[in-house]
Amino acid sequence: MRVIVDLPKCCGAGQCVMIAPKVFDQQDDGIVILLDEKPPKELHAAVREAANVCPGAAIRLEESE
Ligand code: SF4
C-alpha cells in the first residue's frame with residue numbers, strides 16, 4: 001500500500017491523525033503531514049478507515065499487495 005495525500009484538499013479536520021497517528025500528523029495550521037508513505041500491513045485497516053472518513057477526500061491509496 002502506498003499513501004498519497006492531496007494537501008490542497010486537506011481541510012485540517014484531523015480525523016486521519018486520530019485514526020492512524022503512526023501514519024498521519026498535522027502541522028500547526030492543521031494540514032496533514034504524511035509520516036509513513038508505505039505503512040506496514042498492521043496499519044492498513046486504520047489507513048483505509050482514515051481515507052474513508054477524510055472530509056476533504058484528500059487521502060488516496062494505491063493498493064499493490
Ligand atoms: S482527515 Fe483528511 S482533511 Fe482531515 S487532516 Fe486528515 S487528510 Fe486532512
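Student: Which residues does Gln 27 touch, not counting residues up to four places away in sequence?
Tutor: Gln 27 touches Val 32 and Ile 33, where contact means heavy atoms within 4.5 Å. This is a predicted model, in which local features need pLDDT of at least 70, side-chain atom pairs count only at pLDDT 80 or more, and totals for chains, interfaces and linings use all residues. Residues are numbered from 1 along each chain as its sequence is written, and side-chain values use heavy atoms, with hydrogens and water left out.

Student: Why is Gln 27 called partly exposed?
Tutor: The relative accessibility of Gln 27 is 36%. Buried means under 20% relative accessible area, exposed over 50%, and partly exposed in between (1.4 Å probe, protein chains only). The value of 36% falls in between, so Gln 27 counts as partly exposed.

Student: Where is Gln 27 found, and how far is it from Gly 12 in space?
Tutor: Gln 27 belongs to the loop between β2 (24–26) and β3. Helices (H or I, at least four residues) and strands (E, at least two) are DSSP runs, numbered from the N terminus. Gln 27 and Gly 12 lie 15 residues apart in sequence, and their C-alpha atoms are 8.8 Å apart.

Student: What makes a set of residues a nonpolar core, and how many residues has the largest one?
Tutor: A nonpolar core is a set of buried Ala, Val, Leu, Ile, Met, Phe, Trp, Tyr and Cys residues joined through side-chain atoms within 4.5 Å. The largest has 19 residues, and Cys 16, Phe 24, Val 47 and Ile 59 have the most contacts inside it. At least two residues of this core come from each of β1 (2–5), α1 (15–19) and α2 (44–53). The element that gives the most is α2, with four residues.

Student: What does Ile 59 touch, beyond residues up to four places away in sequence?
Tutor: Ile 59 touches Val 3, Ile 4, Val 5, Cys 16, Phe 24, Ala 50, Ala 51 and Cys 54.

Student: Why are Cys 10 and Cys 54 called buried?
Tutor: Cys 10 has a relative accessible area of 14%, which is under the limit, so it is buried. Cys 54 counts as buried because its value is 16%, again under the limit.

Student: How many disulfides does the structure hold?
Tutor: The structure holds zero disulfides; for one to be counted, a pair of cysteine sulfur atoms must lie within 2.5 Å.

Student: Why does Arg 48 count as partly exposed, and what is it in contact with?
Tutor: Arg 48 lies in helix α2. Leaving aside its neighbours within four places in sequence, Arg 48 is in contact with Met 1, Leu 61 and Glu 63. The C-alpha atoms of Arg 48 and Cys 16 are separated by 9.6 Å, although the residues are 32 apart along the chain.

Student: Why are Pro 40 and Ala 57 called partly exposed?
Tutor: Pro 40 has 33% relative accessibility and therefore counts as partly exposed. For Ala 57 the value is 48%, which is not over the exposed limit, so this residue also counts as partly exposed.

Student: Where do Pro 40 and Ala 57 lie, and what is the phi of Ala 57?
Tutor: Pro 40 lies in the loop between β3 (32–34) and α2, and its C-alpha atom is separated from that of Phe 24, 16 residues away along the chain, by 13 Å. Ala 57 has its place in the loop between α2 and β4 (59–62). Phi of Ala 57 is near 50°, a positive value in a residue other than glycine.
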